[in-house]
Amino acid sequence: MTKLTGSLPEVISSLRVDVNEHLASLVTEVEPSALYDPVRYVLAGGGKRLRPIILLLTADGFGVTEKEALPAALAVEVFHNFTLVHDDIMDHSVERRGRPTVHTRWNQDVAILAGDYLLSLAYTQLSRSHPEILQPMTAVFGEMVKDLCEGQTLDKEFETRRDISVDDYLRMIDAKTGALLRACLELGGVLGRATADERRLLRQAGISVGRAFQIRDDLLDVIAEDDRWGKKVGGDLVEGKRTYLLLRCLELPEGDDRSWFERIVENDGLEEHLIPEARTRMIEAGVIEDAGKQIEHYTRMAEQQLNALSARRSLNTLSALLSGMMDRVH
């Protein structure tokens, strides 16, 4: 029987506390400190812990206790942090969640090794799953790693390609962003001995959530306020990054707006003082409104796919969590 009770905020807060406490206890080794200090630094970096919470809520919906599901939840969160360490190296990022990135605080070699250790630690946590389901759990996890690597490769290729379409971008999202979210849902189902049809619906919901999540991220980069966003607003535009919004602008009818945004690609980025003008042009061209509608569309798709599973309380809680997360875009 499940033990998750209380209001949505209470459940989320309780699960986040549990995940953080267990993450803090995962690494007890001390030497070599050049390895274990940065690993502990990463795991103590905070965050909303949405991915392990999504897995725990899904598992709870299938009658799995938090204790039984926690190793897999820790595995996906440790893996997520591994990807962030290596992403920061590839993106030359100097800050993550208000703190220096690992390769900035230490060096690139240390960051690579810390990331490698985190990947190993993720599989170690996954291996604590019940022997009866270890093979399908490992298969889902391995497929997720493959898909995410493919998605990250495409994302890096998109930085230099000039022929990226919105459809290309959505397929990249399905791999890079959607892979881990999809795995969180499916792993929760595997823990609960979900049927093949139920796992298919969970995977589909994960794809929908991934698209909503990434488009929301792209939108907030343009419209959020600095103190709420936690990153420099307009940073993707300054870098010339191919996001959903920029690609939509590049598909506008021929005219001044399209030409204006094409220059961002041609110049490999936008001057920072032009961010307000970019925002205004996106609003007037309907691109901001379109992004909001797409977030709502994919969120509703995820809800429908989850609702097709059953009326289990925790899956309803999961739907409410996803809906609330996507609604906060202003």
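## Packing of α4 against α9

In this predicted model, the axes of α4 (66–91) and helix α9 (residues 178–191) come within 10 Å and cross at roughly 165 degrees, where axes are lines fitted to C-alpha atoms, for helices over the stretch in contact, and angles run from 0 to 180 degrees between N-to-C directions. Because angles over 145 degrees count as roughly antiparallel, α4 is roughly antiparallel to α9. The crossing of the two helices, α4 and α9, is right-handed, that is, the near helix is turned clockwise from the far one by less than a right angle.

On the α4 side the contact (heavy atoms within 4.5 Å) is made by Glu68, Ala69, Ala72, Val76, Phe79 and His80, and on the α9 side by Leu180, Cys184, Leu187 and Leu191. By class, this contact of α4 with α9 has eight nonpolar, one polar and one charged residues; Ala, Val, Leu, Ile, Met, Phe, Trp, Tyr, Cys and Pro count as nonpolar, Asp, Glu, Lys and Arg as charged, and the others, Gly among them, as polar.

## Nonpolar cores

The largest nonpolar core has 73 residues, of which Leu55, Leu57, Phe79, Phe141, Leu191 and Leu318 touch the most other members. Its largest share, 12 residues, comes from α4. Such a core is a set of buried Ala, Val, Leu, Ile, Met, Phe, Trp, Tyr and Cys residues joined through side-chain atoms within 4.5 Å, with buried meaning under 20% relative accessible area (1.4 Å probe, protein chains only).

Not counting residues up to four places away in sequence, leucine 191 touches Leu55, Ala59, Val64, Glu68, Ala69, Ala72, Ile133 and Met137. A second, separate core of 32 residues includes Met172, Leu245, Val265 and Ala278.

## Packing of α14 against α15

Helix α14 (residues 256–266) packs on helix α15 (residues 275–284) at an angle of about 140 degrees, with their axes 11 Å apart, so α14 and α15 are oblique to each other. In contrast to the right-handed case of α4 and α9, α14 passes α15 in a left-handed crossing.

Asp256, Asp257, Trp260 and Phe261 of α14 meet Glu277, Ala278, Arg281 and Met282 of α15, and the residues of this contact divide into four nonpolar, no polar and four charged.

## Basis of the values

Residues are numbered from 1 along each chain as its sequence is written, and side-chain values use heavy atoms, with hydrogens and water left out. As the model is predicted, local features need pLDDT of at least 70 and side-chain atom pairs count only at pLDDT 80 or more, whereas totals for chains, interfaces and linings use all residues.

Key. Helices (H or I, at least four residues) and strands (E, at least two) are DSSP runs, numbered from the N terminus. Angles under 35 degrees count as roughly parallel, over 145 as roughly antiparallel, 65 to 115 as roughly perpendicular and the rest as oblique. Buried means under 20% relative accessible area, exposed over 50%, partly exposed in between (1.4 Å probe, protein chains only).
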